Amino acid sequence: MPIFILSAGAPYWPDVLISGMAFFANHLLSYVMNRNRPRQQLANIGSMMFFPYIRIVPMHVFILFGAFTVAGGRGLVFFLIMKTIADEVMHAIEHRSVTL
């Protein structure tokens, strides 16, 4: 675990537990809703290789620039907004049911 994550002190473990349970519930619901959904298109290998970068880029942008330019808790809020947008785009692309 990178040291800058713990630089503000130890996490409040009840919040970590609640976040973990919400994460699990979200993915369980997504799995149940999408497990029997037929694939409408063949996977494009180029798209599959690009998809992870939609999630990785906001994280690296924040690590390199956001932590230094945005002071206080606003930096974390900025990162979480960027990450949520990236995750929503990734989820929409992954579970689309019609060809474009």
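Helices (H or I, at least four residues) and strands (E, at least two) are DSSP runs, numbered from the N terminus. By that assignment the chain has three helices and zero strands, and methionine 82 is found in helix 3. The model is predicted: local features need pLDDT of at least 70, side-chain atom pairs count only at pLDDT 80 or more, and totals for chains, interfaces and linings use all residues. Residues are numbered from 1 along each chain as its sequence is written, and side-chain values use heavy atoms, with hydrogens and water left out.

**Chain overview**

- The elements run α-α-α from the N terminus on.
- Of the 100 residues of the chain, 14% count as buried; buried means under 20% relative accessible area, exposed over 50%, and partly exposed in between (1.4 Å probe, protein chains only).
- The chain exposes about 8500 Å², and carbon and sulfur atoms supply 72% of that area. Accessible areas come from the Shrake-Rupley method with a 1.4 Å probe; for residues, only the protein chains shown count as cover.
- Among contacts with a separation of 6 or more, 76% come from residues 24 or more positions apart; contact means heavy atoms within 4.5 Å.

**Helix 3**

- Helix 3 covers residues 74–94, which is 21 residues. From first C-alpha to last it reaches 30 Å, close to the 30 Å expected at 1.5 Å a residue; the expected span is 1.5 Å times one less than the number of residues.
- Gly75, Phe79, Met82, Lys83, Ala86 and Met90 are buried in helix 3. They cover an arc of only 95 degrees around the axis, so they sit on the same side of helix 3; the arc is that of the directions from the helix axis to the C-beta atoms.
- An α-helix has 3.6 residues a turn, so residues three or four places apart point the same way.
- On the other side of helix 3, Arg74, Ile85 and Glu88 are exposed.

- Phenylalanine 79 lies in helix 3 and is buried, with a relative accessible area of 15%.
- Leaving aside neighbours within four places in sequence, phenylalanine 79 is in contact with Pro58, Met59 and Phe62. Its C-alpha is separated by 9.9 Å from that of histidine 60, 19 residues apart along the chain.
- Methionine 82 counts as buried at 19% relative accessibility.
- Not counting residues up to four places away in sequence, methionine 82 touches Pro58, Val61 and Phe62. Methionine 82 and proline 58 are 6.0 Å apart, C-alpha to C-alpha, and 24 residues apart in sequence.

**Helix 1**

- Serine 30 lies in helix 1 (residues 13–34) and is buried, with a relative accessible area of 15%.
- Serine 30 touches His91 and His95, not counting residues up to four places away in sequence.

- Serine 47 is found in helix 2 and counts as partly exposed at 24% relative accessibility.
- Valine 57 lies in helix 2 (residues 45–69) and counts as partly exposed at 45% relative accessibility.
- Phe50, Tyr53, Ile56, Val57, Met59, Val61, Ile63, Leu64 and Phe65 form a nonpolar patch on the surface, with about 810 Å² of accessible area together.
- Patches are made of residues with over 30% relative accessible area and no salt bridge; like charges are joined within 9 Å, and nonpolar side chains (Val, Leu, Ile, Met, Phe, Trp, Tyr) within 5 Å. A salt bridge is a side-chain nitrogen of Lys or Arg within 4 Å of a carboxyl oxygen of Asp or Glu.
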